Amino acid sequence: MKELERKFPKTYVLPYQLGVYLAVNAVSDVCLVVDGPNCVLPKADLLAGNHDLNSTLLSPLGRHRVVCTMTGPLPQQSDPEKKLARLLENAAREGEYGAVLVTGLPFMDLAGMDYDGIAAGIGGPAPVTAVPALSLEGDWLDGYDRTLEALVGALPARRTAKKKDSVAVIGYLHDRGEGDHRANLAELRRLLKLAGLEPACVLPDGGAFRDWRRALSAEIVVSLPYGRRAAARLAARTGARLVETALPAGLAGTTAWLAALRRAAGLGAPPPEVHAAEKSAALALSSAVDMLAHSGLIYAGDPHLLGAVGGFARELGLRVQAAFLNCRSRRLSASAAAPVTLFSPDVEAARAAARALDGYDRPALAVCDSFALAEGFAAGAAGVEFGFPSYTRHCLHDEPFLGYAGAAAFGGRLLNAALRHGDRSAEVRA
């Protein structure tokens with residue numbers, strides 16, 4: 001076993017198909033057909049009932065929203081395209097789904113299956129479209145964005161009259177239908193209204209695909225980092241103004257986000273209501289700053305949340321000293337810089353890098369997803385489970401992490417973790 005572990009070390013990276021499933025999980029009436037054997041299905045278990053208590057990917061009645069064709073590489077069936085087309089047509093005509101997606105495993109793609117062509121030939125009430133089969137080239141972030149892009153392509157072609165100052169936010173990472181995301185969505189809509197803008201939609205939001213049509217009337221398309229391709233495709237189709245932004249996190253990050261959207265709408269500085277909301281969040285955080293300032297922090301998760309956590313950490317006087325990223329190499333924003341940054345590291349390399357932080361650099365906090373915490377990336381620091389996946393922390397009540405409300409809530413989580421860790425350290429010294 002040890003020899004196998006040396007030859008094939010466990011790496012900290014999430015696969016492309018998992019990102020596809022995550023996007024399907026975020027749209028309540030989308031069905032995904034995967035061309036391949038049933039080994040593709042266990043990844044759904046990483047979401048359903050584990051990360052997302054309210055997931056509808058799997059059904060106790062067997063009406064799963066992720067299905068497979070059971071096609072293997074050998075022996076090849078005769079006319080596999082016909083079998084797949086029949087399955088897609090049945091799904092499109094059932095009346096249960098708002099849209100049907102199809103993708104395949106790499107060996108089927110290499111065999112020449114034309115998923116775009118097959119999808120284009122399907123008729124029915126629900127549109128059918130293909131998600132590129134890029135499991136060998138991409139990671140989970142690619143899978144999520146490519147799936148959102150496919151759904152944008154399935155929207156009706158007709159033009160819709162634009163509503164003045166209306167905003168469609170595209171590329172939200174709706175990784176579960178729990179209180180953290182419910183509260184985030186409410187906060188984003190509240191912020192847009194505070195800034196004098198009309199929220200057409202935030203997508204995906206856990207709702208049905210038919211609700212995506214609201215995006216066609218938006219005057220401004222806001223591209224969040226998880227859906228760059230999807231947002232660009234929507235703006236190209238509708239002629240809306242495209243604004244690429246980071247996540248609206250922390251105090252300065254949220255204010256800058258709203259200012260960028262108002263500029264795109266041809267409006268001036270944010271109104272007093274925005275400054276009042278920022279001040280309220282700052283006051284809520286002020287009592288925590290002295291207890292958190294000058295502490296170190298390890299981050300493990302996706303690079304977009306790293307930018308959000310890093311910017312907010314600096315506002316609190318924290319230092320992000322190491323970042324372990326669960327994806328392939330990407331360009332990072334300046335706000336995501338950390339002295340130690342590793343993309344998809346093998347687990348032992350990440351552990352060693354975390355353990356090497358000692359003395360003044362010894363971190364007090366570790367903001368990590370479940371995989372990283374379970375593999376020991378925290379290196380003795382106080383763990384704050386955050387991001388996707390989160391298996392041992394769920395949100396049954398509203399608890400945002402974006403916007404001004406999210407700054408106060410997440411700041412409270414950091415403070416409480418630091419205080420608990422301090423109590424344990426004192427016990428050890430005693």
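His294 sits in the loop between helix H11 (272-292) and strand S9 (296-301); helices (H or I, at least four residues) and strands (E, at least two) are DSSP runs, numbered from the N terminus. His294 has a positive phi of about 75° although it is not a glycine. At 63% relative accessibility, His294 counts as exposed, where exposed means over 50% relative accessible area, buried under 20% and partly exposed in between (1.4 Å probe, protein chains only). The model is predicted: local features need pLDDT of at least 70, side-chain atom pairs count only at pLDDT 80 or more, and totals for chains, interfaces and linings use all residues. Residues are numbered from 1 along each chain as its sequence is written, and side-chain values use heavy atoms, with hydrogens and water left out.

Ala379 also has a positive phi, of about 55°, although it is not a glycine. Ala379 lies in the loop between H14 and S13 and, at 26% relative accessibility, counts as partly exposed. Most residues other than glycine have a negative phi, and most peptide bonds are trans.

Two peptide bonds to proline are cis: the bond from Leu203 to Pro204 has omega near -10°, and the bond from Phe388 to Pro389 has omega near -5°. Pro204 is in the loop between strand S6 (198-203) and strand S7 (218-223), whereas Pro389 is in the loop between S13 and H15.

The structure holds eight aromatic pairs, counted when ring centres of Phe, Tyr and Trp (its six-membered ring) lie within 6.5 Å; planes under 30 degrees apart are stacked, over 60 edge-to-face and the rest tilted. One of them joins Tyr12 and Phe377, whose ring centres are 5.1 Å apart with planes at 75°, so the pair is edge-to-face. Tyr12 lies in the loop between helix H1 (2-7) and helix H2 (16-25) and Phe377 in the loop between helix H14 (370-374) and strand S13 (382-385), so the pair ties together parts 365 residues apart in sequence. Tyr12 is buried, with a relative accessible area of 4%, and Phe377 is buried at 0%.

Phe371 and Tyr391 also form an edge-to-face pair, because their ring centres are 5.9 Å apart and their planes at 75°. Phe371 belongs to helix H14 and Tyr391 to the loop between S13 and helix H15 (403-429), so this pair ties together parts 20 residues apart in sequence. Phe371 is partly exposed at 29% relative accessibility, as is Tyr391 at 24%. Phe312, Phe386, Phe401 and Phe410 form one aromatic cluster.
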